[in-house]
Amino acid sequence: MKNLTVIEHPLLARALTRLRDQSTPPQAFRHHLQECGRLLACEATRFLDSRPVRVRTPLALASGVELKRPVTLVPVLRAGLALLDPFRELLPEASIGFVGQRRDEATLHPETYLFKVPDVKKADVFVLDPMLATGGSAVSTMDLLRKHGARRIRLVCLLASPEGVECVTRAHPDVPILTAALDRRLNDRGYIVPGLGDAGDRFFGT
Ligand code: PRP
Ligand code: URA
């Protein structure tokens, strides 16, 4: 799993623990998921390419950097919306695309119900989805992004299953996957175990 990075950070691990806890109420769940989003955003943007620039301080010229390419954030609806604000805090200039994926509970196959994404040909693209379970939603999203010319994609999730990582790696071997934890397995309903349950339902209180 060489394209997988499991981020180790005590604050991320603590927030994830709160999210896993079934007694965490929706308001606290939202708070902790966004807390995780901020830490994931910091780590996921660590390797963005930059180039040198010069700026004039009030005293002298100084060397600095700017990002080499524009950034596009692509939350996978619904649950991916939870990660959007934390990423936008760090990347206010990023353009945003939306992909709606609904998992058929019987077949576990994704069904795309929305694809509204700006020009991504020259962008660094972050696909945001807290849960990487079978991998179907992520692969379908990235297939569509590729079809629209995306060349540099990173997948950011909170929890991943070994099955999901394998599925993404097979379909998109060049896509780095960042996650806060790699869980044990999927159950027969396609849920990550131990996981945290249904991320979208818990975040939106549905
Ligand atoms: C969840 C989650 C992912 C998907 C992961 O979405 O947010 O998008 O399942 O599962 P997969 O890896 O097996 O495809 P869901 O379909 O429940 O929709 P929601 O976000 O609207 O709740
Ligand atoms: N989607 C979720 O929200 N949770 C899982 O465990 C799997 C898919």
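By contact I mean heavy atoms within 4.5 Å. This is a predicted model, where local features need pLDDT of at least 70, side-chain atom pairs count only at pLDDT 80 or more, and totals for chains, interfaces and linings use all residues. Residues are numbered from 1 along each chain as its sequence is written, chains are lettered from A and ligands numbered from 1 in the order in which they are written, and side-chain values use heavy atoms, with hydrogens and water left out.

**Entry 1, the cores.** I began with Phe 87 and asked which residues it touches, not counting those up to four places away in sequence. I found Gly 37, Leu 40, Ala 41, Ala 44, Leu 73, Phe 126, Leu 128 and Val 156.

Next I looked up nonpolar cores, meaning sets of buried Ala, Val, Leu, Ile, Met, Phe, Trp, Tyr and Cys residues joined through side-chain atoms within 4.5 Å. Buried is under 20% relative accessible area, exposed is over 50%, and partly exposed is in between (1.4 Å probe, protein chains only). The largest core has 37 residues, and Phe 87 is among those with the most contacts inside it, along with Leu 33, Leu 73, Phe 126, Leu 158 and Leu 196.

Helices (H or I, at least four residues) and strands (E, at least two) are DSSP runs, numbered from the N terminus. I see at least two residues of this core coming from each of α1 (10-20), α2 (26-44), β4 (71-77), α3 (81-90), β8 (124-128) and α6 (199-204). The most come from α2, which gives seven. Another core lies apart from this one, with 23 residues, including Val 120, Ala 138, Val 139 and Ala 150.

**Entry 2, the strands.** Two strands pair if DSSP finds at least two bridges between them. I traced an open sheet of three strands in the order β9-β11-β13, with parallel pairing. Its edge strands, β9 (131-132) and β13 (181-182), each pair on one side only. Two bridges join β11 (residues 159-160) to β13, and Leu 159 has Ala 181 as its bridge partner there.

Elsewhere I checked β2 (residues 50-56) and β3 (residues 61-67), which run antiparallel and are joined by seven bridges. A hairpin of four residues links β2 to β3, and Val 53 stands opposite Gly 64.

I counted a residue as near a ligand if one of its heavy atoms lies within 4 Å of it. For polar contacts I took pairs of N or O atoms within 3.5 Å; within protein, one must be able to donate a hydrogen and the other to accept it, and residues adjacent in sequence count only if both atoms are side-chain atoms.

Ligand 1 has 16 residues around it, of which Arg 78, Arg 103, Asp 129, Thr 134 and Ser 137 come nearest. Polar side-chain atoms lie 2.5 Å from a ligand oxygen for Asp 129, 2.5 Å for Thr 134 and 2.6 Å for Ser 137.

For Gly 197, a backbone N or O atom lies 2.8 Å from a nitrogen of ligand 2.

How many disulfides (cysteine sulfur pairs within 2.5 Å) does a search of the whole structure find? It finds zero. The cysteine sulfur nearest to that of Cys 42 belongs to Cys 36, 13 Å away.

Methods: A disulfide is a pair of cysteine sulfur atoms within 2.5 Å.
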